[in-house]
Structures are given as structure tokens and as C-alpha cells.
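Here are my notes on the model you sent over. Have it open while you read.

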Amino acid sequence: MKIGIDEMAFATTDQYIDLRELAKRRGDEPDKYTIGIGQDQQAVVPPTQDIVTLGAAAAEKLLNPTNIKNISTIIVATESGIDNSKASAIYIKHLLGLNDFVRTVELKEACYSGTAAIQFARGLVALNPQETVLVIAADIARYGLNTPGEVTQGAGAVAMLIGANPHVLAIEPTAVSYSKDIMDFWRPLYATEAMVDGKYSTNVYIDFFLQTFTRYQQLTGRKLEDFAGLAFHLPFTKMGKKALEALLGQRTDPTAQRMRKQLTAEQAYCRQVGNLYTGSLYLGLMSMLQNGRIQAGDRLGLFSYGSGAEGEFYTGIVQAGFATYLNDIQADLDARHQVSIDEYERLFNAQLGMNSADQQFDLAGDQLPFVLAGQRDHQRIYQRNQ
Ligand code: HMG
């Protein structure tokens, strides 16, 4: 029985900044951001949006009266949790109007947890093939104003239905996981921004990719030639290039050139949004499927990386008709509006964060389907946008 990704949808905020403007404000060369890091735009998050509202917005795009009935479980993968006890999946289930006989849970391991959620969902579907699992990978990447990581911030959610006889990607059995206790990036309970040893983190990422891909080749006997493309976790688009070039070295043969072209296709949406943390690999996969030369029957490799650190390399076979099971991401990105750097900084500092006081947010400027209206008696108030 084939099990894998049946449908995918992406949602982000409806405003962004131009990173050339941010570079000028920070006294950096714009080319450092657009070429050196490989980012052009960045999602800006108003205080009325968080992983619950973004996750629900992404999931709503792929639900219909038929498939909603088969959802047995919702797994939200995130490192931007909004409560230390209660799972964001419960809020999302309520906003989406799913029935109460649904399992709801939240998973964490930095940017890796979306992949863990998919693998766990595969197991649930293998036990009960009539069930569908809704996996939502949602995050808000925050490093802080005027930090080296600022240019790599971003936000958004990818929602995926995992089921039998999938329409997008049938996941193959062999997956190689690799983990080590490493302090490359973390966020203590008292912090709203990540702490990071940036250069070290890029080296660990490359090492984990080479470790998992080499072991995968040893286990399966497959070669790079057997892949139509490799999709990487993209904390910023240059990271995927660094990892791919570490594998290719000086190679210029047709396979190497194909891998480079598919990587460019994978990078297209990340360039315009930034890091989604655990959703980034899956936004990259959607980008490759929509912008690359991908056909039914192609084998894709996926490299997932979460700081702390965990890597996983696994593969899937693209299914016939996959294109109709993804939302039109470029159209959604084109519909956003640009904000100034002053406005971005104001919104960055207006987040609820660790604040315990009652709050009521102005909802007027937010066009997304769900909003965080505020906080009352230490409880977050979510609602459908009027
Ligand atoms: P930095 O110190 O600002 O940048 O930090 P830099 O000085 O190293 O420059 C960056 C690149 O721009 C360099 O190229 C420069 O040469 C180039 P590289 O050597 O890397 O190829 N450059 C220029 N290019 C063209 N024109 C110019 C120019 N000037 C310079 N004028 C860093 C960069 C990525 C470290 C920083 O942004 C950072 O700390 N980011 C956050 C950490 C991160 O994303 N790490 C990635 C691996 S860890 C991971 O993926 C997990 C993660 O997603 C979290 C999770 O798991 O939850 C982050």
C-alpha cells in the first residue's frame, strides 16, 4: 500500500518587507542579503497572527466536506508553541470546526518536527488505512532586530494530508535519521527570540546532510542519478546551495546540473518568505513541484534538519496529477502588500510574547481568515476574521 502526502497547502501573512531596504537600514550591502544569504523578501507578522492562525489558514485551504470526515488525528509540528501545556492542534481543530472524535497533539524538535510528524502519521495510516492525518508544520522564525539572523527570519505554515494512495508523494520505506546533542541554535523558555551560533549551525547542517545521504546510499545502493531532485530544509536559500555543493564538489555532469536547477526551483518561494523553521522543507518541496521540471514517477530526496540537532534523509515518488493537489502559492504571495522597515519594527515589538496582561488587538488591517483577537485572563482569544 502506498502511503504519503495526499494534499499540501501553504499560508503566510499578508505583508512583507523588501530585504534590500532592510540591508540599507542595517548598513549592509543589499547583495549580501539577496546573493550572499539568498533572500529577497521576508514575511512580516502582525500581533494578530501566530502558529494557530497560520496553521488553521493553511489547513482550511485543503479541507472539503469529504476529506474532513476522514481526519483521525491532527499533529502540529512547531517550535513556536503558544502554551507550555495545551497543544496548538486543539485550537486549530476548533477553528476548523472538526468533530470532537479527533486526536490532537503538538510535536517539537526545532525544524525537524514536521518530518517526524509525517513519519508518525505514516505509521497511523499503515495501521488504519481509511484514516487521514492532518500534519501542520507552522512556525515564526524570530532572531531579533539588528542581529545576524534577522535577514533569515520568516513565518508561515504548510498543511499536509497524510493518507493511503496519496496524490502528491508516495513515501518510500527507507529513511535515515541522525541525532546529536549540539548547541547550534536553541530558545530557552524565558526567550521569545532564538539564540544561535550561526556559522557553526551551517557546518553542522552540511555534516548531517552528508552523513544521512551517504548512509542512505549504503543502505539502498541508490546513486544521485536515481533522483530527479533533492529538496533541502531551507533556513535561507544559500544553505541549500552550500549543502548541495558539498555533495557535488566539482561535478558538472548532467545529473549535477539537474540537481542545481531543481534547487533553484526549490528556493523560489523561500526567497520571498524566509525561514518557516519546520515548514521550510515542505514549502521547498511545493516550490520544486510547482517551479521545477518534475514528472509523475520521479524520485525526490528530502533532507530535513532541526537544530539541536537532528537530520533525516528520506525519499518519495511523485504521483500522477500532483499539481492539482497544491494551492497556487505564487498567486498568494503576489497578493501580499509591502510594509516599511519602520512598520516591520513596530509590528515585531507589538507581539504578545511573554506578556501576561489582558490585550485587545486592532484587527482592522488583518485580511487572513483567522486572527488572534487578544488575551483575557491569561487565555488567548482566537476567532474567524469578520
Ligand atoms: P553573517 O555573519 O551575517 O553573514 O551570518 P556572513 O558575513 O557570513 O555573510 C553571509 C554570506 O554573504 C557569505 O557567503 C558572504 O561571503 C556573503 P558564504 O561564505 O556563506 O557563502 N556576502 C556577500 N555576497 C555578495 N555580496 C556582498 C556580500 N557580503 C557578504 N556584498 C548566518 C550569516 C547565516 C550565519 C546568519 O544569518 C545566521 O546566524 N542565521 C541563522 C542561523 C541559520 O540559519 N543557520 C542555518 C543552519 S541551522 C538550521 O537550518 C536550523 C534552523 O532552521 C533552526 C531550527 O532548526 O529550528 C536555523
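1. Ground rules. This is a predicted model, where local features need pLDDT of at least 70, side-chain atom pairs count only at pLDDT 80 or more, and totals for chains, interfaces and linings use all residues. Residues are numbered from 1 along each chain as its sequence is written, and side-chain values use heavy atoms, with hydrogens and water left out.

2. Helix α2. Within residues 30-37, P30, Y33, T34 and I37 are buried (under 20% relative accessible area, 1.4 Å probe, protein chains only). They sit on the same side of α2 because they cover an arc of only 125 degrees around the axis, taken from the directions from the helix axis to the C-beta atoms. Helices here are DSSP runs of H or I, at least four residues, numbered from the N terminus. The buried residues of α2 pack against α1 (19-26), α7 (237-248) and α8 (254-273), with contact meaning heavy atoms within 4.5 Å.

3. Look at K242 here: an N or O atom in its side chain is 2.5 Å from a ligand oxygen. Taken alone, the ligand exposes 1100 Å², and the protein buries 75% of that (Shrake-Rupley method, 1.4 Å probe). A backbone N or O atom of P148 lies 2.9 Å from a ligand oxygen.

Technical notes
Buried means under 20% relative accessible area, exposed over 50%, partly exposed in between (1.4 Å probe, protein chains only). Helices (H or I, at least four residues) and strands (E, at least two) are DSSP runs, numbered from the N terminus. A polar contact is a pair of N or O atoms within 3.5 Å; within protein, one must be able to donate a hydrogen and the other to accept it, and residues adjacent in sequence count only if both atoms are side-chain atoms.
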